[in-house]
Each structure stands twice: as C-alpha cells, then as structure tokens.
Amino acid sequence: MSIFLHTKYKKLDIIKKGKGLHMRIRKSFEQAICILLLIGTNDGPLKSHELSKKLDVSDSYLKKVTRQLVVAGLITSKASKLGGFILNKKMNDISFLDIFEAIEGKEKFIETTHLVDKVFDPALNIQHTEDIIINHLDAAENQYKQKLKEINLGEITNYVHQNPI
C-alpha cells in the first residue's frame with residue numbers, strides 16, 4: 001500500500017549511491033552555508049558581487065539567498081563604499097538548523113493530502129495506518145533538525161583548519 005504525501009522539500013531527496021544512502025540538499029541551503037562561511041572568515045564586510053564571484057553563482061540568485069539570511073537575522077548588509085555583508089552572530093552561534101530554517105522556513109516537512117481516504121474502504125482503518133506513517137516521518141524530521149542544530153559554522157571552520165589536505 002502506498003500513501004500519497006505532500007512535501008515542500010521535493011529536492012531534499014534520499015538517493016542510493018553504492019552501498020549507502022545519501023541525502024541531496026537544495027542548492028540554496030548549500031550556498032547559504034558557504035556564504036556565511038565566507039563572510040565569517042573574512043576580515044571585513046563582503047560585497048554581494050565578491051561573494052557571487054567567489055562562489056561562481058549569479059549575483060541575482062545570490063541576492064535572493066542573502067536576503068533570506070538578512071530576514072532571518074543571520075547577516076546584516078551595510079550600504080557604503082566600505083560596506084557589505086557581516087555576520088550578526090559569532091560563527092559558533094550559527095547552527096545549520098538556523099541556516100536551514102532561514103532558507104527553507106520552519107514549516108513541517110510532511111503534510112498528508114488524505115488521498116488514500118478516496119482509494120480504500122473506510123472500514124480498513126486507513127487513518128490509523130496513515131497516522132503511524134506520519135509519526136515515523138515526524139520523528140525522522142525531528143532527528144534531522146536535531147542533528148542540524150548540533151552543527152555550527154565555527155565547528156566547520158575549525159575542522160577545515162585542523163585537517164588540511
């Protein structure tokens with residue numbers, strides 16, 4: 001039996017590669033992490049065109065991502081000749097969950113469309129089965145978000161500096 005579910009994270013796919021499963025994240029989440037790492041490791045403010053050149057992404061797309069980071073309070077934009085983007089918090093105080101929620105929002109991953117109700121006889125107790133599946137998916141979402149909360153930008157920069165190629 002399959003249950004039809006609606007998820008807003010269509011690009012958050014779990015894909016099978018080799019012997020393990022890997023999760024594919026959206027480009028904007030990855031770019032937001034990299035933008036914050038660049039800003040946080042720079043000596044002064046970074047301008048939008050400097051970020052887009054360094055990351056090799058379009059300036060217009062980068063501005064959409066940085067706008068989400070500004071709205072979430074993770075960065076500030078200083079408009080002046082010497083201005084640019086700066087972090088609002090220390091790198092150790094910015095978790096991957098903060099970044100994820102800035103880009104993706106705080107809504108739940110999964111919402112049922114209840115289409116299964118139209119497929120099976122109501123006497124089959126489909127609602128209970130659907131509730132069990134939703135509970136498992138909610139638990140997986142909570143574990144994912146907890147793991148994101150445990151990772152911060154400071155930890156990433158420390159790891160990179162301690163483990164050079």
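**Figure 1. Surroundings of S28 in the predicted model.** S28 touches Y61, V65, I103 and E104, when residues up to four places away in sequence are not counted; contact here means heavy atoms within 4.5 Å. This is a predicted model, in which local features need pLDDT of at least 70 and side-chain atom pairs count only at pLDDT 80 or more, while totals for chains, interfaces and linings use all residues. Residues are numbered from 1 along each chain as its sequence is written, and side-chain values use heavy atoms, with hydrogens and water left out. S28 belongs to helix α1; helices (H or I, at least four residues) and strands (E, at least two) are DSSP runs numbered from the N terminus. With a relative accessible area of 5%, S28 is buried (buried means under 20% relative accessible area, exposed over 50%, partly exposed in between, with a 1.4 Å probe and protein chains only).

**Figure 2. The largest nonpolar core.** A nonpolar core is a set of buried Ala, Val, Leu, Ile, Met, Phe, Trp, Tyr and Cys residues joined through side-chain atoms within 4.5 Å. The largest one has 32 residues, of which L36, L69, I99 and L153 touch the most other members. Two or more residues come from each of α1 (27-41), α3 (59-71), β5 (84-87), α4 (96-104) and α5 (126-150). Helix α1 gives the most, with 8 residues. Leaving aside neighbours within four places in sequence, L69 is in contact with A32, I35, L36, L74, I75, A102 and I103. In soluble globular proteins, nonpolar side chains tend to be buried together.

**Figure 3. Packing of α1 against α2.** These helices pack at an angle of about 120 degrees, with their axes 11 Å apart. Axes are lines fitted to C-alpha atoms, for helices over the stretch in contact, and angles run from 0 to 180 degrees between N-to-C directions. Q31, C34, I35, L38 and I39 of α1 meet L51, K54 and L55 of α2. By class, this contact has 6 nonpolar residues, 1 polar and 1 charged (Ala, Val, Leu, Ile, Met, Phe, Trp, Tyr, Cys and Pro count as nonpolar, Asp, Glu, Lys and Arg as charged, and the others, Gly among them, as polar).

**Figure 4. Packing of α2 against α3.** Helix α2 (residues 48-55) and α3 pack at an angle of about 110 degrees, with their axes 9 Å apart. The two helices are therefore roughly perpendicular (65 to 115 degrees). S48, H49, L51, S52 and L55 in α2 meet D59, L62 and K63 in α3. This contact comprises 3 nonpolar, 3 polar and 2 charged residues.

Technical notes:
Angles under 35 degrees count as roughly parallel, over 145 as roughly antiparallel, 65 to 115 as roughly perpendicular and the rest as oblique.
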